[in-house]
Amino acid sequence: MLLLSLRSSLSHCRVQAVRFIHSKGGKSPSIQWKQTVQRRWDSSAVSEVGAQSRAAVGSGPNSAAERVMGRWLLACSGMVAGAVILGGVTSLNHNMTLNEFKFIWYMEYSHRMWGRAVGLAYILPAVYFWRKGWFTRRMKGTVLGLCGFVCFQGLLGWYMVKSGLEEKPDSYDVPRVSQYRLAAHLGSALVLYCASLWTGLSLLLPRHKLIETSQLLKLRKFTHWTAGLVFLTALSGAFVAGLDAGLVYNSFPKMGERWIPDDLLAFSPTLRNIFENPTTVQFDHRILGISSVAAITSLYYYSRKIPLPRRARLAVNSLIAVAYLQVAYDIADYSYCGPVLGHFRKGEDSPSSIDI
C-alpha cells in the first residue's frame, strides 16, 4: 500500500515537471524550478503516505482503540440497565408507612443521580475519544446519536415525572405518572441499551462469516420479529405499572373466575380500553407475554436445526433461560400481589402510616 502511494506521488510530480518545462519553452531548469518540484514532491508524498498509513491502522480489526471504545459502550449499557432497575422499584402506594416512603424516596433520588451519571458516562469519554481521533465517520454518527438519545432520555424522564405532579380533577387516588409517558421513557431506555450493547459487542467481537443459507435467513428474520414482540411486551408492562393494573386480578392463568373478564371493554370508545382500562391492559400484557415465550421457544428449537457458532448458540440458550425465568417471576408476582396489597391495607389503622 505504501509503495503504491509512493509510485502515484512520483508520477504526479513527473507530470507537473513536464508541464513546467513546456510552459517555459523547453529551457534548462533553474534553481527555482528545482525547489518548486521538490516542495510539491515532499508535500504530496508525505500527506498521501500518512493518510494511507492512518487508514490502515484505523481499519485493523480489534485494534486497541476499538477494544477501549467497545468496553466503554458495554459499561454504558450496563449503567442504563441499572437505571431501568432503579426506576422499576420507585412507585408510590396508598397508605404507605413512613419507613416504606423513605425507601421509595431514596430509590427515586438514586435513580435521578444515576441517570445523570449515565449521561456523563456517555458524553465525557465521547469527547475524549473524538479529540483523540479514534472515531471513524460511521462511528461519529453512532456516538452522536447515542449521546443525543441519552440527553433526550433525561428530558423525557423529567416530562414523565411532571405528569405525576399535575392535579387531576377526575382522580383522587395516589399521585401517578402518565402511563403513556412512562411507556415512552422505558421504551427509549431499552432502545438506548440495545444500541449501546450492539455497538460495543461489534467493536469487541469479530463478525462470523456464515454461508447465507435459506435456513439461516429464516432464523435471522424470525429473530427480528421475536425481538419486536418482546419489545412490545415490555411497553405493555409499562402500561401495567402506570395504571397499577397488576392489582386488578391476582390469579393465573384465569383472571378471577373467568378466562376473559367481563369488564374487558368497559370504557368507551373501545380503543380507549387498550391503553386506559386496567383490566384490558393486564389482559393484553398476559397475551403478549405468553406469545413472546412461545416465539422464543420456537426460535430455540428452530435454531437447533442449524449449525451455529458457539457465541450464537450461547445467546440462544441464554435467551430461553431468561424468558422462562421472567415468566416464573410474573406468575409469582400475580400470586403474591394480593397478600402484599392486604399488608398495605392493614396500615390504614396504624398511627405510623402516611397517606401519600
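So, which side chain does the side chain of S292 make a polar contact with? Hold that thought while I do the housekeeping.

What you're looking at is a predicted model, where local features need pLDDT of at least 70 and side-chain atom pairs count only at pLDDT 80 or more, while totals for chains, interfaces and linings use all residues. Residues are numbered from 1 along each chain as its sequence is written, and side-chain values use heavy atoms, with hydrogens and water left out.

Okay, back to S292. The partner is the side chain of T233, at 2.8 Å. By polar contact I mean a pair of N or O atoms within 3.5 Å; within protein, one must be able to donate a hydrogen and the other to accept it, and residues adjacent in sequence count only if both atoms are side-chain atoms. S292 sits in helix α9, residues 278–303; helices are DSSP runs of H or I, at least four residues, and strands are runs of E, at least two, numbered from the N terminus. S292 is buried, because its relative accessibility is 6%, and buried means under 20% relative accessible area, with exposed over 50% and partly exposed in between (1.4 Å probe, protein chains only). Not counting residues up to four places away in sequence, S292 touches L229, V230 and T233, where contact means heavy atoms within 4.5 Å.

Next up, Q179, in helix α6, residues 179–204. Q179 counts as buried because it comes in at 9% relative accessibility. Its side chain reaches the backbone oxygen of F275 at 3.1 Å. Setting aside neighbours within four places in sequence, the contacts of Q179 are F239, G242, L243, F275 and E276.

Now the annotation. The unreviewed UniProt entry marks "transmembrane region" at several stretches, among them 142–161 and 181–205; positions are in the numbering used here, feature names are shortened, and annotations may be inferred rather than shown by experiment. In the model, 142–161 is 100% helix and 0% strand, with end C-alpha atoms 29 Å apart. For 181–205 you get 96% helix, 0% strand, and 36 Å between the end C-alpha atoms.

Last bit: packing. The largest nonpolar core has 19 residues, and W72, Y122, F135 and V143 have the most contacts inside it. Such a core is a set of buried Ala, Val, Leu, Ile, Met, Phe, Trp, Tyr and Cys residues joined through side-chain atoms within 4.5 Å. Helix α3 gives this core its largest share, six residues. A second, separate core of nine residues includes M160, L182, V240 and V281.
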